[in-house]
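Please read them alongside the sequence and coordinates.

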Amino acid sequence: MLKRILTCLCMFVVLTCATTAFAKPAELTGINAFDVDDDTLRIEISYRGGKLFDDNVSVDETSGIVRVDLDNALPGRISRASGAKIQSDVKDIVEKITVNETKARHTRIQVFLATEPEAVNVSLEPADSAAKKDARVIVDVKKTFAEPEPADMSGNFNGGGRVIVIDPGHGGSDAGAIGPTGVSEKSVSLAVSLKAQKLLTANGYRVVMTRTTDVDVAAPGVSDATELQARVDKAPPNAAVFISVHCNAFSNGNANGMETYHAPTAVQGRRLATLLNEELERLGGLNNRGVKGARFYVMTHSKCAASLIELGFITNPREEKLLASDDYQQKLAQAITNAVNRYFSQGGFN
Ligand SMILES: [Zn+2]
């Protein structure tokens with residue numbers, strides 16, 4: 001009899017351990033924010049040690065801050081200063097992620113978003129040893145502003161105050177490439193950019209220009225990195241798109257065509273570069289050299305979707321003439337505007 005009671009007591013103790021604060025706490029091993037698709041941002045919180053159950057996790061959202069409270073969890077090696085990884089293609093949406101142990105064995109993760117989400121869903125995933133993944137709390141944030149709407153090419157699309165940065169390449173002491181009759185890249189990039197600024201503003205965007213006159217953005221004679229960083233720094237934290245406008249050049253005057261670039265792993269940057277490429281192709285007349293990944297400074301250092309476009313070869317006599325013409329510059333500006341409208345109005349890009 002006594003023996004039986006002891007067994008019961010032991011069982012009671014074991015059960016208590018499994019369900020109260022004596023349970024081994026989970027320890028966070030990583031936080032990763034990335035896009036699942038155009039509509040969904042995923043915050044993946046990995047952990048080891050103790051197991052988290054549905055009632056350990058609560059999530060709420062107010063004014064664009066998604067708060068994830070984890071009971072029986074420790075921040076582990078994730079500190080306030082480091083550990084939360086925000087992928088470059090979601091940096092326009094995720095402003096920052098903070099992690100704090102708000103009380104003993106209770107960790108709060110706050111995700112600061114540039115927009116109010118439409119819905120937030122939470123699920124728990126077990127560890128996957130084959131994929132070398134720890135157990136995860138998955139928070140899917142449905143974005144409000146990526147709702148697919150029919151594209152409107154009539155110029156009536158409303159940009160809704162979204163911030164677009166236009167960067168006219170070169171300027172001031174740096175003329176960029178020079179065409180056979182002396183047309184400079186810095187003058188073409190500025191003329192097209194100013195026309196795009198007008199069109200985008202008329203479409204309801206807030207346009208930030210890195211320069212509006214023939215000047216160096218940092219200062220004459222500084223290093224390339226300093227000059228280019230000064231351009232990147234013109235982008236406010238809520239900038240959605242950064243477009244750098246350039247003309248191509250080659251020693252052989254026969255080289256011709258346009259091309260658009262994105263940073264190699266930037267999903268939204270690639271999408272932007274693809275739309276810009278399609279709209280430039282729609283103008284006709286110029287050989288399409290394609291959409292390419294490259295590590296250009298302004299693309300790899302921008303926190304938002306970024307693309308650098310080469311409008312054509314200024315060293316090619318025919319294209320130099322086109323690039324210098326007011327009419328063609330206006331068409332190029334319209335192509336940029338159409339691409340930006342499509343970037344925000346069309347979903348479903350893979
Ligand atoms: Zn250039």
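**Notes on the predicted model**

1. A right-handed β-α-β unit is made by S14, helix H4 (residues 267-282) and S15. Its two strands, S14 (residues 258-262) and S15 (residues 288-293), run parallel and are joined by four bridges. Within this pairing, Tyr 261 is placed opposite Lys 292 of S15.

2. An open sheet is formed by four strands in the order S3-S4-S8-S7, with antiparallel pairing. The edge positions belong to strand S3 (57-62) and strand S7 (94-103); each has a single partner strand, so one side of each lacks a neighbour in the sheet. From one strand to the next, the twist averages 15°.

3. Within that sheet, S7 and strand S8 (residues 106-113) run antiparallel and are joined by eight bridges. Here Val 99 stands opposite Ile 109 in S8.

4. On confidence: the model is predicted, and the mean pLDDT of the protein chain is 86, with 87% of its residues at 70 or more.

5. Which residues have pLDDT under 50? One stretch is residues 1-21, where pLDDT stays under 50 and the model has six contacts beyond four places in sequence.

Key: Residues numbered from 1 in each chain as written. Predicted model: local features only at pLDDT ≥ 70, side-chain atom pairs only at ≥ 80, totals over all residues. Pairing = 2+ DSSP bridges. Axes fitted to C-alpha atoms, helices over the stretch in contact; angles between N-to-C directions. Right-handed = clockwise from strand over helix to strand, strands pointing away. pLDDT = per-residue confidence, 0-100. Contact = placed C-beta atoms within 7 Å.
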